[in-house]
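Colleague: Before we go through the labels, please put the structure up. I would like to know what each term rests on.

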Amino acid sequence: MGLTSKTTGATQIITVHSDRIDAAMAIQFKEDMRAETESNANRVVLDLSDVQFIDSSGLGAIVASMKQLGKDRRLDLAGLQPVVEKVFHLTRMDTVFKLFATLDDALTAPEA
Amino acid sequence: MEPVCNKTCLELSFPATETEASAGISQLSAGLAKRGLPPHKADDVKIALAEAINNVVEHAYNGVAPAKVRVTCRLDQDRLDILISDTGHPLPGCHPPDGTPASLGTRIQDLPEGGFGWFLIHQLTNDIWYERRDGCNRLSLRFNFESTR
């Protein structure tokens, strides 16, 4: 699947190196996210710039990744392509996650 | 997995596994774009098609050896019809689910991680039609082009 991670201050940035997060890779994604987020950063920003497609299984895996963080940590999403944003919007998951147009936006946003 | 096609039809058949489905969905999307599917409908079609095919993989062939999924697309001037057929279990009640999504609730820990597939299909299509015939599921999805969503 391919995730890379770097930490800036209290924020961990995880970049998805895949053109899709779909049913075929949802379980792997969830497991990889669990491994990457063992660092305990308070805020995790998931950079989805490379992701050109997501289905409801992929969406579920991102939701599961947020739950894995527990209630004191947060998962924000950045760089959503139009089709990815559409899936979040239709399912109203855009009201649950903080979405940022770009990774820079996510990093310069005042932290809540 | 070579598609059989002419100007307005596209047909693809593949084994009902997650990996084959993933590749098949990409191939169908690319094929439809090449045959003139209006770009503003491309995302809607890809999302709905993926959800419908994933349902076959996950549910129709649940507990039985997965056979094939056959997808036939017919592209007209003003609409696209997609027929998805398989030989798996029939839909419960022989009827497509209403697609009411699970409530998002108020607590992160209670958020649903699934159950959005049929909801998305309903949201993105203009018509859904299903029949069980001769041991086959036949699900048709229609996308009209004049309406911009």
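**Terms and values**

Modeller: Helices H1(A) and H2(A) cross in a right-handed way, where right-handed means that the near helix is turned clockwise from the far one by less than a right angle, and left-handed anticlockwise. This is a predicted model, in which local features need pLDDT of at least 70, side-chain atom pairs count only at pLDDT 80 or more, and totals for chains, interfaces and linings use all residues. Residues are numbered from 1 along each chain as its sequence is written, with chains lettered from A and ligands numbered from 1 in the order in which they are written.

Colleague: Why is H1(A) called roughly parallel to H2(A)?

Modeller: The axes of H1(A) (residues 26–36) and H2(A) (residues 56–68) cross at roughly 20 degrees and come within 9 Å. Angles under 35 degrees count as roughly parallel, over 145 as roughly antiparallel, 65 to 115 as roughly perpendicular and the rest as oblique, so H1(A) is roughly parallel to H2(A).

Colleague: Which residues of H1(A) make the contact?

Modeller: Ala26(A), Phe29(A), Lys30(A), Met33(A) and Arg34(A); contact requires C-beta atoms, placed from the backbone, within 7 Å.

How values were computed: Axes fitted to C-alpha atoms, helices over the stretch in contact; angles between N-to-C directions. Helix = DSSP H or I, 4+ residues; strand = E, 2+ residues; numbered from the N terminus. Contact = placed C-beta atoms within 7 Å.
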